[in-house]
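Dear colleague,

Please find below the structure that I am handing over to you, together with its sequence.

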Amino acid sequence: MKKIFVITGEYSGDIHGSRVVSLIKEKTPDIQVEAIGGENLKNAGAKLFCDHSKMAAFGFSFQIAVEHLTLEKRVCEYILNDYKPDLVLLIDYGGFNLRIAERLHGSGIKVVYYIPPQIWASRRWRINKVKKFVDKVLCIFPFEVDMYEKYGIDVHFCGHPLVKQLPPKADKQEFFEKHGLDSSRPLVSIFPGSRALELAFLAETFIEGAKKLQVKHPELQFCISHAPNLSNDIFDKYIQNTDFKIIKGDNQALLSVSDALILASGTVALEAALYQTPMIIGYRGPWLLYLIYLFVRCIKNVSLPNIITGKDIVPELIQNKFTSENICYEAEKLLYDNNYRTNFIEQLANVKELLTDKYSAKEAADAILECL
């Protein structure tokens, strides 16, 4: 009987991993799977070594570092001495998983990395660890293939999971009725981020920019997305002095029915691109972290639509450019410059074309079974 051990570090990895494991088990029902994951992997038939909530903490504290290193040592000892799988599947969560790959090197256990760390964006030197400690990379962006092949790494392009997993566009009329919105007025939606630090640095400026836009164009209506992982206390702390409608738990539907979006940088921009909804990206952080980012980055863009297409489609308002005046100006162009808007939407269509229609989880499952 073949055995696999899967390692995820957060909720998204649990979802992606569960789809891969389900497809593997459909083809080889007797395969044994254990994992660090969550409910999704458990429901897919994996026995949990531990819940990945142990890994979800983020920060730079000594306590967090000790917890991660302790778990890393414990899981490697279990894999090498007790479970002894044929293959370890790493999913995302670059820092932790690359250290796991290094510890497993020379053991005879195959190491496959699905959704590898974004070394094309920063810290390019990590590709040397991938080359040395990972047997096969299953990447999700087309431009990653050339990079890995250049270093002689066995790589397979699976396609991006979002292409098949993203729900279809919501019915606009139904959505507006559900949330008490006026279907005769254009909708601008703000996605200020899913972490407290992002809200602390972004929310106020996003709202100020939207208010400037509202003064100039009173026919507009505005919504703010409340990320489901943020508690009400944290969200309410930063979203103040506004009468904009708050919508929680309907993120993707809101992306699909909006006329324009004001977004924090992240995967949400890729989701918006797949819905072909025009957007602005805004981001600002502590200056020290920004300067470090400038030192380690490998590309100039921060938004995935621009990175994938290699074009400056989406306006990126970063650090000094992140002002309420610039937000208002760029949003106005998206909404009222018809030629600009039409061209913007047409260029967003290229994002999905470049990502292809591949079923990412199936591609990954087939590649893993081939490795076994």
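A search of the whole structure, which is a predicted model, finds zero disulfides. A disulfide is a covalent bond between the sulfur atoms of two cysteines. For Cys158, the closest cysteine sulfur is that of Cys139, and at 6.8 Å it is too far away for a bond, given that the cut-off for a disulfide is 2.5 Å. Cys223 is likewise in no disulfide, and the nearest cysteine sulfur, in Cys328, is 18 Å away. Cys158 is buried, with a relative accessible area of 0%. Cys223 also counts as buried, at 0% relative accessibility.

**The seven-stranded sheet**

Seven strands form an open sheet with parallel pairing, in the order β3-β2-β1-β4-β5-β6-β7. At its edges are β3 (47-51) and β7 (155-157), each of which pairs on one side only. With direction ignored, neighbouring strands of this sheet are turned against each other by 15° on average.

Is strand β4 of this sheet enclosed or open to the outside? Five of the five residues of β4 (residues 87-91) are buried, so the strand is largely enclosed by the rest of the structure. In a regular strand the side chains alternate between the two faces of the sheet. Both faces of β4 are covered: Leu87, Leu89 and Ile91 are buried on one side, and Val88 and Leu90 are buried on the other.

The pairing around β4 may be described strand by strand. Strand β1 (residues 3-7) pairs with β4 in the parallel sense over four bridges, and Ile7 has Leu90 of β4 as its bridge partner. Strand β5 (residues 110-114) runs parallel to β4 and is joined to it by five bridges. Here the bridge partner of Leu89 is Val112 in β5. Between β4 and β5 the chain passes through helix α4 (residues 94-104), and this β-α-β crossover is right-handed.

Cys139 stands opposite Phe157 in β7; the sulfur of Cys139 is the one closest to that of Cys158. Helix α17 (residues 360-371) lies across β1, β4, β5, β6 and β7, and runs at about 170° to β5.

**The six-stranded sheet**

An open sheet of six strands, again with parallel pairing, has the order β10-β9-β8-β11-β12-β13. Its edges are β10 (245-248) and β13 (316-318); each has a single partner strand, so one side of each is left without a neighbour in the sheet. From one strand to the next, the twist averages 20°.

Strand β12 (residues 279-283) pairs with β13 in the parallel sense over three bridges, and Ile281 stands opposite Glu316 in β13. Helix α12 (residues 267-274) packs on the sheet, where it touches β8 (187-191), β11 (260-264) and β12. The direction of α12 makes about 160° with that of β11. Helix α15 (residues 324-336) lies across β8, β11, β12 and β13, running at about 165° to β12.

With kind regards

Technical notes: Residues are numbered from 1 along each chain as its sequence is written. This is a predicted model: local features need pLDDT of at least 70, side-chain atom pairs count only at pLDDT 80 or more; totals for chains, interfaces and linings use all residues. Side-chain values use heavy atoms; hydrogens and water are left out. Buried means under 20% relative accessible area, exposed over 50%, partly exposed in between (1.4 Å probe, protein chains only). Helices (H or I, at least four residues) and strands (E, at least two) are DSSP runs, numbered from the N terminus. Two strands pair if DSSP finds at least two bridges between them. A crossover is right-handed if, with the strands pointing away from the viewer, the path from the first strand over the helix to the second runs clockwise. Axes are lines fitted to C-alpha atoms, for helices over the stretch in contact, and angles run from 0 to 180 degrees between N-to-C directions. Contact means heavy atoms within 4.5 Å.
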